[in-house]
There are 2 protein chains.
Amino acid sequence: MISVFILFSAISVAPADEAASDPSVAAALDRIRDAGMSDAWAYRRLADLCDKIGPRISGSRQAEAAVEQLAAALRTSGLNVTLQPVKVPHWGRGEEQAEIIDYPGRPTGVTQHLQLNTLGGSVATPVQGISGQVLVVHSFDELRAREAQARGKIVLFDVPFNEDLALNGQSGTAYQQAVIYRVQGASAAARAGATAALIRTVGGANYRLPHTGVMAYDPKVAKIPTAALSAEDAMWVSRLAAEGPVTLHLKLLPQTLPDVDSHNVIADWPGRERPEEIVIVSGHLDSWDLAQGAIDDGAGVISAMGAVHLLQSLGLHARRTIRFVGWMSEENGSAGGQSYAKSDSNVLARHVAAIESDSGAGRPLGVSAHVTPEGMPELKPLMQSLTPLGASVLSHVDEAGGADLAFMDALGVPTLEPIVDTRTYFDYHHSPADTLDKIEPDNIRRQVAVLAMMAYFLADRPAALPRLPVAKP
Amino acid sequence: MISVFILFSAISVAPADEAASDPSVAAALDRIRDAGMSDAWAYRRLADLCDKIGPRISGSRQAEAAVEQLAAALRTSGLNVTLQPVKVPHWGRGEEQAEIIDYPGRPTGVTQHLQLNTLGGSVATPVQGISGQVLVVHSFDELRAREAQARGKIVLFDVPFNEDLALNGQSGTAYQQAVIYRVQGASAAARAGATAALIRTVGGANYRLPHTGVMAYDPKVAKIPTAALSAEDAMWVSRLAAEGPVTLHLKLLPQTLPDVDSHNVIADWPGRERPEEIVIVSGHLDSWDLAQGAIDDGAGVISAMGAVHLLQSLGLHARRTIRFVGWMSEENGSAGGQSYAKSDSNVLARHVAAIESDSGAGRPLGVSAHVTPEGMPELKPLMQSLTPLGASVLSHVDEAGGADLAFMDALGVPTLEPIVDTRTYFDYHHSPADTLDKIEPDNIRRQVAVLAMMAYFLADRPAALPRLPVAKP
């Protein structure tokens, strides 16, 4: 996942002549930056996570193996590790198959195979599958207008991912516009009496890849099975349906199993003056089930771990404790972030800021911050130190910096995330192509440096950033 | 398939001031060009072929449906159609599955799924599959040097497709360098005592797509099963194997069934003066089994058919007959081209030239010609007329212009093909992503125009091009 913000608009750059840096802090940040840029540890750990654990959907054996692998790496480098128990969903894909069994101009005996992936959390079809005519719509509005035609049909939401927007630096907006059909499409179709819902895959770069991702059912309507067609297959079905009736056969046999005991991985790099006060630096450990989860979120969780390792290797203690957290089950409802925020309100009151990296492994461009307006200028010395990395963009956002941080953000903890280049992020996101080879090792070094600098800066400030107003429940 | 030539080197451009054009021929070519650029018929036929027939591997029901569909379209436009019988191979993919079952650092209970496609013509593994340790090599030379280590192993040829070369206009060379491992890898590995052979997929753009394609066995060594891993999976296995022993389980269950009766589709647009003399304009009707075969070779075969349709719609008869041929089974040994060349040597002696389009649907850039050196300058008036389309490159090549033409080329018939932009051709070629949406309708119009102009020019010349020397068998 990535949270949604507009990357290259409404940004402000820290003016070099204005911020009042503490020279000793600036020197520490320079040291961290230079050491980060020659770090080799984090990329090696990322390769271990991707190549040796691979896909690690919450509830799976591999998710737990990832917990063990990161805990072992942290212990080997001499840190105490806490495994915080988290109950997580356990959904498994199972068989998935789709055919176009009838269409205008079909030669006798010919059916067509479709490329699709069941969406995370979907219910199954009967074991023999279901058949039904397709209704193609291009928006929720169109579905409402054609509601009478949807009864008993398979609804296909043929909504393209806006690649131009993504390539122009607004990938978050492009994602937001399309993902709503992944999340809400099934219940919208069920409300109109459909038997199943298909979406056009949410992602750029058309190479016949259906991208998966979580969906959610409205408890007030029937649960119907739902899957993503590759962009090519969605366009194909739409072209056929424009000529006449198209009938599909779908067999989707996912299983929702009982919740599983899993863990957040936590390790502290203690503060030198106020060790009870905490700045979190984090990413999520789980991934989708189709690939190595290299960019989502191997890169983020390992860079966060690498940031703590970097400070440790420099022997550099900030005023406060810097806590690495590897969150479990971000992809399936953020049970890890939720459990953490609920665990101890007294401890949470001593969390002065939280950082998550969950936007992939593009080149870091700056910092996005959900802090109060008064807090924003206080970040300027950090931005000055980030300038030599080309990461000087500071952007104020209105929501939590990372899905796992949303719960503590709502309780008043300022949250931040690195801004990275996400122009091609959604080409791979949640797809079988999210693999280690997509990542430039240099970008991992950059992200380790940026995260370590962010964490150190926030943890070392004499005064904490102002807390956010507590959100209404 | 595309034949191999170097696209942007060793080319000559027709000088505008030198060629002695016949004004009436030039006027006819201008008319064809302008009409081609507003043609809508061909793209509509291409959509029919891709969307309604889809994959059409030789021997399949869909290949025969493609024969029927094209024949019907030609008959509807008033042409006589001949279906020339061709016996074609019938190979079917069947189940294919691969796992990494052991590797250094493997967590207990974890195995890894690999993305692969069985190569066309491969024999099967036993039904329960085979397991074996991997030997990764990067060339035939390395395999020879490590031959003692290959016995009983699964050999992986991890040879990357050179994308830089392809993007620099030398996709043919990039393909040639990699495809030799697809074609000859299995027998090379078998010679060293391996139990199976894997290649790194032959194609650009890494989106976890294994591209398929034909392979060939050396009759002197054991036939072992063979498949292509996606580039990502090949890199992954190689990284693991660099750390220690890696064991795979492969289950590949293709079937080679008895040869099937199929057809070349032939339709003539009669010559006004010497109707017994023939210029062929052609493409191949069959495709691989993973996708619609839009660029390979839906675009070519339909543009060739569109060229004849265009001349017919203009009522423009050249001096000689222009014959459309849709070849069957190019992908599996070119049985169609072979049968045609063998069918009647007297008729073949009256073939003055043959054109095939089989390099996809990129923008046409010019003409590649396997004609005698004395014949080359005679093409200059054609190149002048192609200049307004931006297709003025004339390139002399040393081999047949199209795999299906190789047999008649060897018997002396000059062969030509349009040069098109193939920089991204191998991103899709033989992969699941070779679908209609990859094609700009405008490029089909351009290709229809170019093919119709080439065919008309060659068929209308008072004297035929000099014949090629007959190749030694």
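**Exercise 1.** Identify the residues that ring pairs link into a cluster in chain A of this predicted model.

Solution. The cluster consists of A:Phe161, A:Tyr175, A:Tyr425 and A:Phe426, which are linked by ring pairs.

**Exercise 2.** State how many aromatic pairs the structure holds, and classify the pair of B:Trp91 and B:Trp288.

Solution. Step 1: Over all chains, there are 19 aromatic pairs. Step 2: The ring centres of B:Trp91 and B:Trp288 lie 6.5 Å apart, with the planes at 80 degrees. Step 3: An angle over 60 degrees counts as edge-to-face, so the pair of B:Trp91 and B:Trp288 is edge-to-face. Step 4: The two residues are 197 residues apart, B:Trp91 being in strand β2 (residues 81–92) and B:Trp288 in the loop between β12 (274–284) and α9 (294–314) of chain B. The pair therefore links distant parts of the chain.

**Exercise 3.** Are B:Trp91 and B:Trp288 buried or exposed?

Solution. Step 1: The relative accessibility is 5% for B:Trp91 and 4% for B:Trp288. Step 2: Buried means under 20%, so B:Trp91 counts as buried, and so does B:Trp288.

**Exercise 4.** Classify the pair of B:Tyr425 and B:Phe426.

Solution. Step 1: The centres of the two rings are 5.0 Å apart and the planes stand at 80 degrees, so B:Tyr425 and B:Phe426 form an edge-to-face pair. Step 2: Both B:Tyr425 and B:Phe426 are buried.

**Exercise 5.** How many disulfides does the structure hold over all chains?

Solution. The number of disulfides over all chains is zero.

Terms used: Residues are numbered from 1 along each chain as its sequence is written. Chains are lettered from A and ligands numbered from 1 in the order in which they are written. This is a predicted model: local features need pLDDT of at least 70, side-chain atom pairs count only at pLDDT 80 or more; totals for chains, interfaces and linings use all residues. Side-chain values use heavy atoms; hydrogens and water are left out. Rings of Phe, Tyr and Trp (its six-membered ring) pair if their centres lie within 6.5 Å; planes under 30 degrees apart count as stacked, over 60 as edge-to-face and the rest as tilted. Helices (H or I, at least four residues) and strands (E, at least two) are DSSP runs, numbered from the N terminus. Buried means under 20% relative accessible area, exposed over 50%, partly exposed in between (1.4 Å probe, protein chains only). A disulfide is a pair of cysteine sulfur atoms within 2.5 Å.
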